[in-house]
Amino acid sequence: MEFFEIVRGRRSVRAFRSDPLTRAQIEAVLEAARWAPSPHGRQPWRFVVVTTVAARARLAAAMGAEWRRQLALDGQDPATIEARFRKSHERIVGAPALIIPCLYLADLDTYPDAERQAAETTMAVQSLGCAVQNMLLAAYTLGFDSGWMCAPLFCQETVREALGLGDDLHPHALIPLGYAARDPVRRPRRPLDELVIHWE
Ligand SMILES: Cc1cc2nc3c(=O)[nH]c(=O)nc-3n(C[C@H](O)[C@H](O)[C@H](O)COP(=O)(O)O)c2cc1C
């Protein structure tokens, strides 16, 4: 595939077939992440890979329990909470492989003031996004699909506990990988002249 075909063809998939991926396929996706740009070249990301049925179920159960709690706090009614929980649970256990990209800040520069420290952290988050995009494009190039779930960002401690991760790892997303069960409906893109707001 040519580059722009890959960029346009990559899509967020939310339902996967159960066909497994090989270790080599998952490693190829991670290899693409490794080459992402990063602030000072520090590569402020680490990746957790979850493939076994037991681990996917454990993670989905832990995240689901926390999400139920948060939805109840938001005042959602029990039937809606149950429906949303089931959908999310299915997405996590239904994908044959999950990658959880974690922000890792220990190697970044430190500053005496909070403002510059926050900018340094933002750079790391931007870089994590680059690493994830590389993974998504790699998966599509290799003939399978990916998705992006932001949920770990909202329950970082739960994910750490479920997977036995240290406090220095900040789970930022959950990337399900596999073969699409069906073609997803794509969201339209804004035209370029709406996005480029200044050019001189
Ligand atoms: C930071 C970020 C967080 C996202 N979180 C979710 C999510 O929690 N659930 C979901 O279904 N899609 C999520 N997405 C995927 C977007 O919904 C998707 O990229 C967008 O609708 C465009 O669709 P496409 O990826 O198929 O082009 C997220 C994407 C990004 C970049």
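Reply: Buried residues make up 28% of the 200 residues in the protein chain. Buried here stands for 20 or more other C-beta atoms within 10 Å of the residue's own; 12 or fewer is exposed, and anything in between is partly exposed, with C-beta atoms placed from the backbone. The model is predicted: local features need pLDDT of at least 70 and side-chain atom pairs count only at pLDDT 80 or more, while totals for chains, interfaces and linings use all residues. Numbering starts from 1 along each chain as its sequence is written.

Now the core. The largest nonpolar core has 37 residues. A nonpolar core is a set of buried Ala, Val, Leu, Ile, Met, Phe, Trp, Tyr and Cys residues joined through C-beta atoms within 7 Å. Ile92, Leu98, Ile100, Met135, Ala139, Ile175 and Leu177 touch the most other members. At least two residues each come from α2 (23-34), β1 (45-50), α3 (53-73), β2 (97-104), α5 (114-141), α7 (156-163) and β5 (175-178). With nine residues, α5 gives the most. Helices (H or I, at least four residues) and strands (E, at least two) are DSSP runs, numbered from the N terminus. In soluble globular proteins, nonpolar side chains tend to be buried together.

Take isoleucine 92. Leaving aside neighbours within four places in sequence, isoleucine 92 is in contact with Arg56, Leu59, Ala60, Met63, Leu98 and Leu174. Contact means C-beta atoms, placed from the backbone, within 7 Å of each other. On the scale of the protein chain, 82% of contacts between residues at least 6 apart in sequence join residues at least 24 apart.

Next, β2. Seven of its eight residues are buried, so β2 is largely enclosed by the rest of the structure. Two strands pair if DSSP finds at least two bridges between them. With β1, β2 pairs in the antiparallel sense over six bridges. There, phenylalanine 47 stands opposite proline 101 of β2. With β5, β2 pairs in the antiparallel sense over three bridges. Leucine 98 has proline 176 of β5 as its bridge partner. Leucine 98 also belongs to the core members that touch the most others. Strand β4 (residues 169-171) pairs with β2 as well, antiparallel and over three bridges. Tyrosine 104 stands opposite leucine 169 in β4.

The loop between α2 and β1 holds histidine 40. Glutamine 43 is found in the loop between α2 and β1 too. Histidine 40 has a positive phi of about 55° although it is not a glycine. Glutamine 43, likewise not a glycine, has a positive phi near 55°. Histidine 40 has 13 other C-beta atoms within 10 Å and is partly exposed. Glutamine 43 has 19 C-beta neighbours inside 10 Å and counts as partly exposed.

Then the ligand. Arg11, Ser12, Arg14, Trp148, Met149, Cys150, Ala151, Arg186 and Arg187 surround it. Near means a C-beta atom, placed from the backbone, within 6 Å. This shell divides into four nonpolar, one polar and four charged residues. Ala, Val, Leu, Ile, Met, Phe, Trp, Tyr, Cys and Pro count as nonpolar, Asp, Glu, Lys and Arg as charged, and the others, Gly among them, as polar.

Last, the setting. The protein chain has eight helices and five strands. From the N terminus on, the order is α-α-β-α-α-β-α-β-α-α-β-β-α.

Definitions and conventions:
Two residues are in contact if their C-beta atoms, placed from the backbone, lie within 7 Å.
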